[in-house]
Amino acid sequence: MEEGLVCQWSVFRSLLAILQWWAFNVTVIIVNKWIFQKLDFKFPLSVSCIHFICSAIGAYGVIKVLKLKPLISVDPQDRWKRIFPMSFVFCINIVLGNVSLRYIPVSFMQTIKSFTPATTVVLQWLVWRKYFDWRIWASLIPIVGGILLTSVTELSFNMLGFCAALFGCLATSTKTILAEALLHGYKFDSINTVYYMAPFATLIMVLPAMLLEGNGILEWLSIHPYPWAALLIIFSSGVLAFCLNFSIFYVIHSTTAVTFNVAGNLKVAVAVLVSWLIFRNPISYMNAVGCAITLVGCTFYGYVRHMLSQQPSVPGTPRTPRSKMELLPLVNDKLDDKV
């Protein structure tokens, strides 16, 4: 009886963790799109900077004030040699994501972001000369095919938004690969990652945001009918962005790897559906098919990656990797949620 109750509670906790993760993720995406489209606040650098500031304050509060998470100590020299380069790429990744949201629909942007596994595998193969099992390469075919179909049939196609989303995938992959090289020896969770990287990202972004968008923001404030209400929504998006990072920490500790992968792909589908219901951006039949193929491909890729990770390495077997790190791409795609 007790085992049954424990099992039921575990399932309920996993479901609750997934639902709150979905809620925060979809809300952040929708609110950001609302800011760009409905509030006419067309300043992605400033939105990103606000998110960094809110996340830095939030992480400090969780670790230092509320002490809900222990601080992972980092050597002062490593903060500049390791954390700063990571923060720079991390900053570029978030900014490109917001730029893409500024110009293209949520459905198209989310589909392109699903290209991240492919860019990571290719970069690791080209730069690190890592061997990958043929099944990993085969699992990328539906992802690439689905994204090509979605891009060709997208009715609201914008080249700048498309390029921003695509380069965002490359930035995510670069961040993942750099993490192996620069952060070895440190086991960061999502909260400690934000604690160390968000302040650096703020320093990197605040000057470009002021120089490139400062005059535009002042003009927007002077002509917007309800500037203070709009600013409240904009800063609320920063608070929600930090809450999203906290929800990621919770869902990782409450679900298995397979559940996390499937839930991550379903989350994209939920975001696409909710965004269409709110913004009513036109989606053709073939565009929807391309999006579905991409999501199925991402799920299949996650399944293949998980199955290969469970297989023991047999020494001496031809084309057998010498370690699991040679077998699998270094990416946890669903962790790439915005700060």
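Predicted model: local features only at pLDDT ≥ 70, side-chain atom pairs only at ≥ 80, totals over all residues.
**A helical protein: surface patch, buried contacts and salt bridges**

Trp 34, Ile 233, Leu 273, Trp 276, Leu 277, Ile 278 and Ile 283 together make a nonpolar surface patch of about 570 Å². With four residues, helix α10, which spans residues 257–279, gives the most to the nonpolar patch. Trp 276 has its place in this helix, α10, and counts as partly exposed because its relative accessibility is 31%, which lies between the limits of 20% and 50%.

The protein has twelve helices and zero strands. Of its 339 residues, 52% count as buried. The protein exposes about 16600 Å², of which carbon and sulfur atoms supply 72%. Among contacts in the protein with a separation of 6 or more, residues 24 or more positions apart account for 88%.

When residues up to four places away in sequence are not counted, Ala 230 touches Leu 39, Trp 220 and His 224. Ile 35 is 195 residues from Ala 230 in sequence, yet the C-alpha atoms of the two are 8.1 Å apart in space.

Charged side chains supply a further set of links, for the structure holds four salt bridges. One of them joins Asp 189 to Lys 69, with the closest N and O atoms 2.9 Å apart. This pair links distant parts of the chain, 120 residues apart: Asp 189 lies in the loop between α7 (159–182) and α8 (190–223), and Lys 69 in the loop between α2 (44–65) and α3 (76–103). Both partners fall under the 20% limit for burial, since Asp 189 has a relative accessibility of 14% and Lys 69 one of 13%.

A second example is the salt bridge between Arg 82 and Asp 78, whose closest N and O atoms are 3.6 Å apart. Because Arg 82 and Asp 78 are four residues apart in helix α3, about one helical turn separates them. Arg 82 is buried at a relative accessible area of 18%, and Asp 78 is buried at 15%.

In another salt bridge, the side chains of Arg 135 and Asp 133 meet at 2.9 Å, N to O. Here Arg 135 counts as partly exposed, with 30% relative accessibility, whereas Asp 133 counts as buried, with 9%.

Definitions and conventions:
Residues numbered from 1 in each chain as written. Heavy atoms only, no water. Helix = DSSP H or I, 4+ residues; strand = E, 2+ residues; numbered from the N terminus. Buried < 20%, exposed > 50% of the residue type's maximum accessible area, 1.4 Å probe, protein only. Contact = heavy atoms within 4.5 Å. Areas by Shrake-Rupley, 256 points an atom, 1.4 Å probe, with all protein chains shown as cover. Patch = residues over 30% accessible without salt bridge, like charges linked within 9 Å, V, L, I, M, F, W, Y side chains within 5 Å.
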